[in-house]
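Here are my notes on this one, as promised. Have the viewer open while you go through them.

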Amino acid sequence: MADTADDLSAPLGQDSVRRERRFRLPFTGIQVLAVLLGLFLLAFAGFAIFGDNPLGGEPVARIAIRQTAPSGEKPVTAVPGDHAGSAKSAPQQAAPGEHKTVTIIDGSSGKRQDVVIGAGDAADKAEASAAPAMMAAVDQRLLEKSRYGMIPVVADGLKPFTAYAAEADRAKAAKMPIVAIVVAGLGVGAAKTTDAIMKLPPAVTLAFTPYGSDPSKLAERARAQRHEILLQVPMEPFDYPDNDPGPQTLLTTLAPEQNIDRMYWHMSRFQGYAGIANFMGARFVATDAVMQPIIREAAKRGLGYFDDGSPRSTAPTLAAAQAMPFAKADFTIDAVPTAVEIDRTLAKLESLAKQRGTAIGVASALPISIERLGVWIRALDSRGIMLVPLTTAMLKSKSG
């Protein structure tokens with residue numbers, strides 16, 4: 001029996017061994033996962049190399065072009081990758097008078113931005129006829145190089161005053177009461193300057209000091225909003241130097257050529273202005289000997305002059321002697337910067353315009369001043385008074 005048991009157990013043990021050998025895999029489960037991961041990475045690399053998208057993995061901006069259709073027709077939207085309507089939405093050259101809106105969708109943020117693109121000269125002309133006239137670009141012919149930079153000059157009979165005066169209906173202005181508003185002291189303080197530029201209508205003239213980190217940028221922004229602009233030249237006040245307007249101030253103690261040299265520095269700070277104005281300077285403008293060369297130089301360079309209303313100023317007489325466009329402020333609108341006093345002064349300005357035909361006010365860019373001016377201006381036309389740029393008031397006064 002023992003032999004029989006041994007004989008029976010031997011084959012059974014050998015069969016078990018054979019079965020184990022038959023079903024045992026040559027590698028473990030971890031090795032299988034490693035092999036599969038390697039195959040996946042290999043396939044991904046092959047797709048990146050040989051695929052159709054060379055920007056694989058980068059955020060993609062999708063652009064939808066919506067072309068404006070004539071009235072009564074259904075607009076067609078063409079999106080790259082939309083093959084179903086490719087025959088109908090194939091790119092076509094826009095016909096005259098049409099435009100395209102390009103919607104850019106940021107693939108990473110999902111934000112959308114619509115950009116209207118004009119199509120051809122006809123579209124440009126249509127937009128130009130519908131939109132208010134833009135300010136003339138800075139004319140390079142009207143610039144002359146100084147040791148500080150470019151400054152205004154008359155060229156081919158054209159003056160900066162004429163080139164940079166804002167558009168206005170001067171025929172209408174000649175027949176009705178007008179007011180001009182100058183908001184001064186801009187350029188230092190980007191926030192208040194931007195408020196004046198964006199919140200006040202284009203007919204308001206803006207006067208910039210030469211100071212600030214980038215007065216040229218702010219002046220160009222004002223011109224882009226169709227405001228005409230002035231350069232304010234810092235001049236000596238009575239309490240100088242306790243009250244100091246700033247670097248390169250024109251002084252009564254300097255020789256004329258020194259003051260003119262300083263004026264060139266101010267003139268070079270930005271371009272596109274129709275005239276100059278005093279920044280402070282009660283003592284300087286009252287001193288004929290130092291003021292005369294400045295007025296003569298500004299007139300020679302084709303500029304107008306705006307006086308902020310100093311009672312002792314010699315500018316009116318000196319400008320008249322040079323046949324120079326000139327205006328003087330009748331009221332400082334926010335001398336007392338409260339809503340009640342500003343409104344009261346604006347009422348006086350309105351009465352003067354009706355009585356004399358022309359009235360001019362000057363204000364700073366205080367928030368309360370901007371707010372009250374905006375309210376007053378909106379109702380001005382209904383009271384039979386026209387708001388005009390300062391240059392229009394200068395020309396009307398000169399012809400009157």
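1. Some ground rules before the strands: two strands pair if DSSP finds at least two bridges between them. Helices (H or I, at least four residues) and strands (E, at least two) are DSSP runs, numbered from the N terminus. The model is predicted, so local features need pLDDT of at least 70 and side-chain atom pairs count only at pLDDT 80 or more, while totals for chains, interfaces and linings use all residues. Residues are numbered from 1 along each chain as its sequence is written, and side-chain values use heavy atoms, with hydrogens and water left out.

2. The overall picture: the protein has 14 helices and 15 strands. Of its 400 residues, 39% count as buried (under 20% relative accessible area, 1.4 Å probe, protein chains only). Taking contacts (heavy atoms within 4.5 Å) between residues at least 6 apart in sequence, 67% join residues at least 24 apart.

3. Now strand 9. Since 7 of its 7 residues are buried, strand 9 is largely enclosed by the rest of the structure. In a regular strand the side chains alternate between the two faces of the sheet. Here Ile-229, Leu-231, Val-233 and Met-235 are buried on one side, and Leu-230, Gln-232 and Pro-234 are buried on the other.

4. What are its partners? Strand 8 (residues 205–208) pairs with strand 9 in the parallel sense over 3 bridges, and Phe-208 stands opposite Leu-231. From strand 8 the chain passes through helix 7 (residues 215–224) to strand 9, a right-handed β-α-β crossover. Right-handed means that, with the strands pointing away from the viewer, the path from the first strand over the helix to the second runs clockwise.

5. Strand 10 also runs parallel to strand 9, joined to it by 6 bridges. In this pairing Gln-232 sits opposite Ala-277 of strand 10. Strand 9, helix 8 and strand 10 form a right-handed β-α-β unit.

6. Which elements does helix 10 pack against? Its buried residues pack against strand 9 (229–235), helix 8 (256–267), strand 10 (275–280), helix 9 (282–285), strand 11 (304–307) and helix 11 (315–321). Those buried residues include Val-290, Met-291, Ile-294, Ile-295 and Glu-297.

7. On geometry, helix 10 (residues 288–300) has 13 residues and reaches 18 Å from first C-alpha to last, close to the 18 Å expected at 1.5 Å a residue (1.5 Å times one less than the number of residues). Just after helix 10, Gly-302 takes a positive phi of about 75 degrees.

How values were computed
Buried < 20%, exposed > 50% of the residue type's maximum accessible area, 1.4 Å probe, protein only.
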